[in-house]
Amino acid sequence: MATLFISHESGLSHDTGPRHPERVERYKSVVEAVEGPKFEGLQRRSAPAATVDQLALVHDRNHVEWVLAQMPERGQAHLDPDTVVSPGSGEAAIRAAGAVCAAVDAVIEGGAQSVFCGVRPPGHHAEPQRSMGFCLFNNIAVGAFHAREAHGVERIAVVDFDVHHGNGTQVIFENDPDLFYGSTHQYPFYPGTGAKTETGVDHNVVNLPLAAHSGSKEFREAVDEALVPELEAFGPDLVLVSAGFDAHEDDPLGQLRLTDDDFAHVTCQLQDVADRFAGGRIVSSLEGGYDLAALSRCVGEHVLSLMEQ
């Protein structure tokens with residue numbers, strides 16, 4: 001069954017201003033990454049807008065309405081020192097969350113086997129009542145709760161290989177034993193969470209912190225020897241991926257030393273688990289990745305790995 005790429009041109013309207021790392025050019029790099037002969041079989045779809053009801057499955061409704069009301073008429077405004085919005089950011093944010101919901105619909109209803117959502121802004125730092133770390137809404141968590149609400153999916157796993165720990169996703173998942181959150185990330189590092197001792201209500205949180213300057217060996221050992229066995233023990237009905245590519249050795253915001261091949265490797269490992277436990281259903285959504293050339297290459301490797309399974 002086909003792999004689907006979901007995006008939306010509103011990613012070009014989320015203008016964070018000059019010198020901000022989470023910039024418009026990231027969207028262009030991601031879209032360009034999946035062009036060319038290798039991707040002829042990739043299906044493509046425009047992201048719908050998430051509804052307030054869908055966002056409110058994860059976020060306090062008053063917070064959702066507050067965030068959407070913060071969009072300036074011109075220029076930029078700040079939700080926190082790092083999280084910048086512009087007139088087009090509201091639509092970009094609801095389309096980013098809507099992309100993951102649509103991706104969930106596609107893999108459950110049979111329209112695709114796997115999906116990559118090439119959207120911005122990212123989401124994994126967003127907590128139920130707090131936008132932070134470039135993130136307005138927690139796109140991957142909204143998709144997870146949509147899978148429950150709309151399709152009755154019970155056991156849902158999120159795996160996050162961004163260089164930064166997904167504090168928002170952990171907070172949302174940690175008290176529900178039918179939700180799994182597994183993360184490899186640089187530690188200690190922003191946002192300060194993600195210690196190995198943070199294990200959730202029923203050991204449903206698996207944090208695999210990596211020291212600065214760790215490379216392929218340490219990352220693959222964490223994935224193959226710790227993360228995958230824990231994910232298998234959980235037995236997910238659906239696998240979701242917070243796909244951040246800022247652990248790459250060329251990225252300016254992190255100090256890990258992963259290569260393009262490492263992202264292909266982890267993708268294949270996660271797809272294998274999805275094949276064995278979740279009927280092959282896997283949905284991935286873009287998080288970080290701030291060196292444009294590395295981002296484009298790694299997205300290409302990630303999507304090709306999904307297509308080849």
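1. Val 283 counts as buried because its relative accessibility is 0%, and the cut-off for buried is under 20%. This residue belongs to strand E10. Note that the model is predicted.

2. What surrounds Val 283? Setting aside residues up to four places away in sequence, Val 283 touches Val 100, Ala 103, Val 104, Val 107, Val 115, Ile 140, Val 239, Leu 240 and Val 241. Val 158 is also worth a look. Its C-alpha is separated from that of Val 283 by 9.4 Å.

3. Next, helices H4 and H5. H4 covers residues 89-109 and H5 covers residues 139-151. Their axes come within 8 Å and cross at roughly 45°. H4 and H5 are therefore oblique to each other. The crossing of H4 past H5 is right-handed.

4. Which residues make the contact of H4 with H5? From H4 come Ala 93, Ala 96, Ala 97, Val 100, Cys 101, Val 104, Asp 105, Ile 108 and Glu 109. H5 supplies Asn 139, Ile 140, Val 142, Gly 143, His 146, Ala 147 and His 151. By class, this contact has 10 nonpolar, 4 polar and 2 charged residues. Val 100, Val 104 and Ile 140 take part here, and Val 283 touches these residues too.

5. Helices H7 and H8 make another pair. H7 spans residues 216-234, and H8 spans 260-277. They pack at an angle of about 10°, with axes 11 Å apart. H7 is therefore roughly parallel to H8, as angles under 35 degrees count as roughly parallel.

6. On the H7 side, the contact with H8 uses Ser 216, Phe 219, Arg 220, Val 223, Asp 224, Val 228, Leu 231 and Glu 232. H8 contributes Asp 261, Asp 262, His 265, Val 266, Gln 269, Leu 270, Val 273, Arg 276 and Phe 277. How do these residues divide by class? The contact of H7 with H8 has 8 nonpolar, 3 polar and 6 charged residues.

7. Finally, helix H9. This helix has 17 residues, 292-308. From first C-alpha to last, H9 reaches 24 Å, close to the 24 Å expected at 1.5 Å a residue.

8. The buried residues of H9 include Ala 294, Leu 295, Cys 298, Val 299, Gly 300, His 302, Val 303, Leu 304, Ser 305 and Leu 306. What covers them? The cover includes strands E1 (3-7), E5 (114-117), E9 (238-243) and E10 (282-286). Helices H1 (24-33) and H8 (260-277) are also among the covering elements. Strand E10 is where Val 283 lies.

Technical notes. Residues are numbered from 1 along each chain as its sequence is written. This is a predicted model: local features need pLDDT of at least 70, side-chain atom pairs count only at pLDDT 80 or more; totals for chains, interfaces and linings use all residues. Side-chain values use heavy atoms; hydrogens and water are left out. Helices (H or I, at least four residues) and strands (E, at least two) are DSSP runs, numbered from the N terminus. The expected span of a helix is 1.5 Å times one less than its number of residues. Buried means under 20% relative accessible area, exposed over 50%, partly exposed in between (1.4 Å probe, protein chains only). Contact means heavy atoms within 4.5 Å. Axes are lines fitted to C-alpha atoms, for helices over the stretch in contact, and angles run from 0 to 180 degrees between N-to-C directions. Angles under 35 degrees count as roughly parallel, over 145 as roughly antiparallel, 65 to 115 as roughly perpendicular and the rest as oblique. A crossing is left-handed if the near helix is turned anticlockwise from the far one by less than a right angle, and right-handed if clockwise. Ala, Val, Leu, Ile, Met, Phe, Trp, Tyr, Cys and Pro count as nonpolar, Asp, Glu, Lys and Arg as charged, and the others, Gly among them, as polar.
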